Structure formats: C-alpha cells, structure tokens
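Visitor: I'm new to this one and would like to learn how to read its charged pairs. Could you walk me through a few?

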Amino acid sequence: MEKDSGIRPGKEAVPAGYAAWLAALKAQIRAARLRASLSVNAELIGLYWRIGREILERQERLGWGAGVVGRLAADLRAAFPGTGGFSRANLLYMRAFAEAWPEAEVVQRVVGRLPWGQNIELLSKLKDPAERLWYAEAALEQGWSRPVLVHQIESRLHARQGQAVTNFDRALPPAQSDLARQILKDPYHFKFLGLGPAAQERALEQGLIARVRDVLLELGKGFAFCGSQHHLEVGGQDWYVDLLFYHRRLRCLIAVDLKTGPFQPEHAGKMNFYLAALDEMERQPGDNPSIGLILCRERNRVVVEYALRGLGSPIGVSQYRVMLPEALPGALAEALPSGEDIASRMDLPDGDLPEPGGEG
C-alpha cells in the first residue's frame, strides 16, 4: 500500500524557495507562449506575402485580370471553410503587401514580426516606402498596438522626432547625446486637452496630469511619471518643478517646465538651476545627469540657441500644440471644459491623480 505523503494542497506550509521556483516557471511559460505566438504570426505573414507575390507575378507576367482575385477568394474559402483571411479585400491587401515589400529579408526581419492589422495600417496610410519602413521599425521596437501605430502615423511622429532645439552635443557624452536628441520631439501634440490660448500654466499642468497616460504615449517609450510640482529646497527657499519624469533608457531624471507663452532666455537659466539642484540632491548612483525640457507655445530657434549657449546642463526646448475648442464642431466644442473650468475643477493635491477613465 502506497504511503500517504501527507501533502494536502493548500494545507502544508510552502517550502523554502517555492515562490521563486513558481515565478521562474511562470516566466518560462509566458516566454514560450510569446515565442509560439510570434512564430505563428511570422508564418501567417510569410504565407500572406507569398500569396500576394504569386498573385502579383501572375497578373504581371501572365496578364491575368483583376477578376482572378475574386475567383481565388471564393475557391480558397470553399477549400478552407473554417479559416478566415481569404476574402477578396484581404487578398488585395496581400498583393499590395508583396508589392510594397519586394525583399523577403525585410519581411522576415521587420514587417513579418508585426501583426497583420498593423501591416494593413502601414499599407493604407503611408505611400512613401522610407516612411513606411520607419514606422514599421518603430512599431516593432516600441511594441506599439494598432491604435498607437495609427496615432503616431496621424501625428506625423517621424517628422517631429529629434527636432527639439538642444545643447546636448555640448552638455552630454556623444552616445547619450544622440539618444537624448532622438527621444525629444518638436512639436509635442497635446490635442487631447482641449485648452484655448488663454489657459494658464497651472491649468495646462493639471490637464496633463489628468491625462497622464496620453502624455506618456506622446512623450514616448521609457518615460516614467514621478510627480508634479516636485519640491526642491535650495538655500532655505522653496522651488517647484512642473513635471518630473525618469527615463529608463537614458537612466536620468527629466524635468519639464511648462510655458504658455513664447520661449524667453530666462527660462533656460531657471531650468539650469533646477537641474543643478536635482543632480545635487536627488541623482542616484549610476544615474546620468538630469535633462531639462522646456515646453512652450512657440519658440524662436535662434533665440533658443543663444540662450542655451554656455549652459552646462543638458536642456531641450520644444513647442507644443493643443486643439482649440473653436476648431471643433459646435456641439463637441460646447461639451469640452474651458481652461478655467479645468483649473477650478482640478485643484488636486500633489501626486493625487484621478482614476483611469475619469474626466479629462
């Protein structure tokens, strides 16, 4: 008779090391599932590319007309009744996919690793091959979902990336300077705020806090929100950084100063002061020098370059854009709160954020 082990699920004390072992097994299972999913996706995209290439070749080489696509769709659906993806529209996307990416190496390395829905967005929204490849590589690197990819295309991210006016080439080591420059944009799009030109800086700040997830999406991958009105005590006086972030790839704090008017040279001096204080008081071992980002409604590039010249701290200056209520359809514009409404309704304590999905 087999001896009872005495083990009862949920009754015995958890052995030492069990929790770590379970966590490792979970990580292995998730990794295996992810690899399987990626493998299936790569096979599917490869199949779609080959089908599209064969349609393209037969139409070009043998002169087959457009009607063959509809006939092929009907025959494939009849042969594989429980399988989706063989509609006439999808076969036409396969043809366009093969035409847009004639090199198998690019398909395997980049677009073959993206879901089919994202590939459709790249085909339908972008005509320039270089732009299409830029967004495909960015989506793969950043892990964008389909809606995020659409947002980045529609906001013309490729034309804004790395366009901030900075002194990074003088204030940072070359490797960090290049990365920091690419991380900043100009202009930033905060169209989700609905603030008019008369909005005050506090209203702008509170609007950004209320939509912090949208802000992080616009800032880009790697930004972690640390807080608003971040307190610094210097020489017995109180100072406050509008928004403070930490960037994981740069491994540094990023201080953001919001200006509702045009850039003024004194803004750079104040940011230089903030960064010196952050580096002295809050920079952790292994962190790189803190970076400043001044966001203003408008800026004169020459004025910014002169203002940043000679400053030792790395600072970037960018413009931001908001959607003005008067630019919206009447009913929608009336439904949006004004800058003053936001300021009066969102007098939040520091670090107190609304629940996700709330107003704002």
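Guide: Let's begin with Arg-181, which is partly exposed because its relative accessible area is 24% (buried is under 20%, exposed over 50%, partly exposed in between, with a 1.4 Å probe and protein chains only). This is a predicted model, where local features need pLDDT of at least 70, side-chain atom pairs count only at pLDDT 80 or more, and totals for chains, interfaces and linings use all residues. Residues are numbered from 1 along each chain as its sequence is written, and side-chain values use heavy atoms, leaving out hydrogens and water.

Visitor: Which residue forms a salt bridge with Arg-181?

Guide: Side chains of opposite charge can pair when their charged atoms come close. A salt bridge needs a side-chain nitrogen of Lys or Arg within 4 Å of a carboxyl oxygen of Asp or Glu. Here the partner is Asp-178, with the closest N and O atoms 3.2 Å apart. Asp-178 is partly exposed, as its relative accessibility is 45%.

Visitor: How are Arg-181 and Asp-178 placed in helix H10?

Guide: They sit three residues apart in H10 (residues 174–183), so about one helical turn separates them. Helices here are DSSP runs (H or I, at least four residues), numbered from the N terminus.

How values were computed:
Helix = DSSP H or I, 4+ residues; strand = E, 2+ residues; numbered from the N terminus.
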